[in-house]
Amino acid sequence: MKRTIAMMLTVLMMAASSAGCGKSSAEKATEDLVKDLTGMNVDLSGDSGMSSLKDDAGNGIQVGLDLEWPKDHMGDLPKLEGSIISVLTAETGSSLTVQDVSREDVDAYMQELKDLGYTDELSENEMTGNSFTFSARKDDGVVQLIYTPEKDDKASTCMLIYGIDKK
C-alpha cells in the first residue's frame, strides 16, 4: 500500500511540474492505469497546471498553483491568505501547503484561530531560522500550523493541518 501511494504521489508531482496544454496520450494512459490500480479518479492536466487524485467521496490529493480552499474539509477554519500549492483531504481533515505567506499574515491568522476558540492545548514553539509551529484544539477540532520563512518573505511557506479528533 505504501508503495502504491508513493507511486501515485510521484506521478502527480511529475505531472504538476510538466508544462504544456491539453492532455497527452501518455497522461491519459497514466490516468487510466492509476484508476485501474486504485479505483481513484486521476486528472494529470487540470486547470492551472493542477493534478489530482481523488476517491469517489472527493478525498485525495491535489497539487498545482492557486488551488481552492477546501472549506468542506477545514471545519470552521478561516482561509489562510496566500497561494495554495497542495491539498490533501480525508474524511477527518486536511493538510494544505500555502506559499507566499508573510509572518504578519501568519500572526494574524493565529490570532483569528484563538478568537475562534482554538485555545485548548495551545502550543507555540519558535524553531531555528525564525520557523515556528502553532497547535491548538477546540472541541474535537485540532489545528497545527508550521511556518517556514525564506529570505524573501513572499517565498515563505506554511503547512496547515486540520483534523477531527474522534476519541
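1. Buried means under 20% relative accessible area, exposed over 50%, and partly exposed in between, with a 1.4 Å probe and protein chains only. By that scale Arg-103 is partly exposed, with a relative accessible area of 25%.

2. On the source: this is a predicted model, in which local features need pLDDT of at least 70 and side-chain atom pairs count only at pLDDT 80 or more, while totals for chains, interfaces and linings use all residues. Residues are numbered from 1 along each chain as its sequence is written, and side-chain values use heavy atoms, with hydrogens and water left out.

3. The largest nonpolar core has 24 residues. A nonpolar core here is a set of buried Ala, Val, Leu, Ile, Met, Phe, Trp, Tyr and Cys residues joined through side-chain atoms within 4.5 Å. The members that touch the most others are Trp-69, Leu-77, Val-106, Tyr-109, Val-143, Leu-145 and Leu-160. Two or more residues each come from strand 4 (83-90), strand 5 (93-99), helix 3 (103-115), strand 7 (132-138), strand 8 (141-148) and strand 9 (157-164). Helix 3 gives the most, with four residues. Helices (H or I, at least four residues) and strands (E, at least two) are DSSP runs numbered from the N terminus.

4. Leu-77 can be followed individually. Neighbours within four places in sequence aside, Leu-77 is in contact (heavy atoms within 4.5 Å) with Trp-69, Tyr-109, Leu-113, Tyr-118, Val-143 and Tyr-162.

5. Five salt bridges are found in a search of the whole structure. The criterion is a side-chain nitrogen of Lys or Arg within 4 Å of a carboxyl oxygen of Asp or Glu. One of them pairs Asp-76 with Lys-138, with the closest N and O atoms 2.4 Å apart. Asp-76 lies in the loop between strand 3 (60-63) and strand 4, and Lys-138 lies in strand 7, so the pair ties together parts 62 residues apart in sequence. Asp-76 counts as partly exposed at 33% relative accessibility, whereas Lys-138 counts as buried at 19%.

6. Lys-114 forms a salt bridge with Glu-124, the closest N and O atoms being 2.8 Å apart. This pair links distant parts of the chain, with Lys-114 in helix 3 and Glu-124 in strand 6 (residues 120-126), 10 residues apart. Lys-114 is partly exposed at 24%, and Glu-124 is partly exposed at 42%. Elsewhere, salt bridges that share partners join Arg-103, Asp-107 and Glu-126 into one network.

7. Asp-107 is partly exposed, at 34%.
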